[in-house]
Amino acid sequence: MNRPSSSPGINIVPLIIIAVVVIIGGIVLSTFAPLFFPAQGSAQAQQIDTLFQVMLAIGGGLFLLVQFLIFYSAIRFRIKDENDRSDGPPIHGNNTLEIVWTAVPAVVVVILVIYSYAVFSAIQTPLENEYTVEVLGRRFAWTFTYTAAPDVLDPATGLPVEFSDGNLYTYVGQNLRLEMTSVDVNHAFWVPEMRIKQDLLVGRITEMRFTPIIATGPAEDGLYYPQAGFPIRCAELCGDGHGNMGLISTLVVFATQEDYQAWFDARVFEGLNPPDDPAVFGEQILAAAQYPCAGCHTLTDLGWAGITGPNLDGIGDRADDRVGGESAESYLINSLRHPQRFIVPGFSSALMPQFVEDNPDDRNYMPDQDAVAIAAYLCTQTTTGESACSVDELNAVAASEVTQTGTGAQ
Ligand code: HEC
Ligand SMILES: [Cu+2]
């Protein structure tokens, strides 16, 4: 076969020029990329951004090289004669070239593996004086459970006080450890400003650590990040309220440990001294997102905008004619204790969690006191603002409805 003789001596100058352009291009891309990043909110963010920039420099350079070769080939090797339908010259393997283009990427990939692993293990290493917050992911809410110092005991249980909230609170410099699991499907905890993302899985505990370095809150003398909190997004499509998870829960970073402690002590005090009026107590519980309701229901007074379940605006007016023969009290307590008993037309019976009363370790544990308070608050959702219920009756229904773990739909 007549092979065209290989080109006489490759000209090295254009190759060097291309290499320099590609390398500089990659570096330029990675240098300007941080302009599009969110603020660096954690001590770990720096290392992660640098890793990302190194990868972008390499990936960006490769991208430019490939694009250049496409354009170059399209112009340089286009057919001269439009009627030419013949094949190009057959070119067989070039060992040197193949060794080079296998060896170079292999070395680059091995270096990146080692470097990434170093960063990964650095951000996973236990930190000094870590404070652990338990994180529960569920459709469609995050719940954070805080434990007070070992000497702050709950008189009811004799254990250190615990309380839950729909927001994650911390302060600048706190070494935070999140201990996470999911109730229903996979979720992923993601706060872009902290550069952290971690899946939550059913039946498994995953953990994650970070140390916030910038405070959130009202913009005062330029010290604060001008935002009430960093949204805590879910990065795993988990259902129709998935996007709500980031609207409801935020990461609030206090500027000082004192501010944080003041908030913490107030929450502990609130928990130990609930207001006497159950409706006020119920509003307090719901506003703190102690239970996941906001991701599924709309309730204007509390700023909820969920669509998975019925709109709860004005529920006090409707509760007693939802089901024939059911009083408002019985209907509302049953909505929490046995959500599958009365199904609102047009909604799925399988979605609302059953809030049980017998087992404090159940993910959906809700003591009678809380169920009554929540129902009492919902009863005040009327056009006049008058409660549609009697608290004695709510207590009586709650006492007679015994809901056990594992008896109902999830
Ligand atoms: C995963 C989504 C989801 C969560 C979380 C959830 N609900 Fe529901 N809820 C529903 C759905 C769906 C329905 C309608 C089906 C039914 O009646 O069981 C419903 C029905 C209700 C009803 C009856 C409404 C009516 O118009 O008659 C009330 C009251 C209610 N929920 C209150 C709550 C409260 C309070 C919470 C939090 C403690 C909560 N829900 C948590 C999905 C949810
Ligand atoms: Cu989710």
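Predicted model: local features only at pLDDT ≥ 70, side-chain atom pairs only at ≥ 80, totals over all residues.
Which residues coordinate the copper ion (ligand 2)?

1. Residues are numbered from 1 along each chain as its sequence is written, chains are lettered from A and ligands numbered from 1 in the order written, and side-chain values use heavy atoms, with hydrogens and water left out.

2. His-187 (ND1), Cys-234 (SG), Cys-238 (SG) and Met-245 (SD) coordinate the copper ion at 2.1 to 2.6 Å. Donors are N, O and S atoms within 2.8 Å of the metal (3.2 Å for Na, K and Ca); water is not among the atoms, so sites may look incomplete. The angles among the four donor atoms run from 97 to 127°, and the site is tetrahedral (four donors, all angles between 85 and 135 degrees).

3. Along the chain the copper donors follow the spacing H-x46-C-x3-C-x6-M. His-187 in strand β6 (residues 187–191) and Cys-234 in strand β12 (residues 233–234) are 47 residues apart, a pair that links distant parts of the chain. Strands are DSSP runs of E, at least two residues, and helices are runs of H or I, at least four, numbered from the N terminus. His-187 is buried, at 0% relative accessible area, and Cys-234 is buried at 8%. Buried means under 20%, exposed over 50%, and partly exposed in between (1.4 Å probe, protein chains only).

4. The iron atom of ligand 1 is coordinated by His-297 (NE2) and Met-352 (SD), at 2.0 to 2.1 Å. These two lie 55 residues apart, His-297 in the loop between α6 and β14 and Met-352 in the loop between α8 and α9. His-297 is buried, at 11% relative accessible area, whereas Met-352 is partly exposed, at 25%.

5. Ligand 1 also has polar contacts (N or O atoms within 3.5 Å). A polar side-chain atom of Arg-322 lies 2.6 Å from an oxygen atom of the ligand.

6. Helix α9 (residues 368–379) is mostly covered, with 10 of its 12 residues buried. Among them are Asp-370, Tyr-377 and Cys-379. The buried residues of α9 pack against α6, β14, α7, α8 and α10.

Conventions
Contact = heavy atoms within 4.5 Å. Polar contact = N/O pair within 3.5 Å; in protein donor to acceptor, adjacent residues only side chain to side chain. Tetrahedral: all angles 85-135°; square planar, octahedral: opposite > 155°, others 65-115°.
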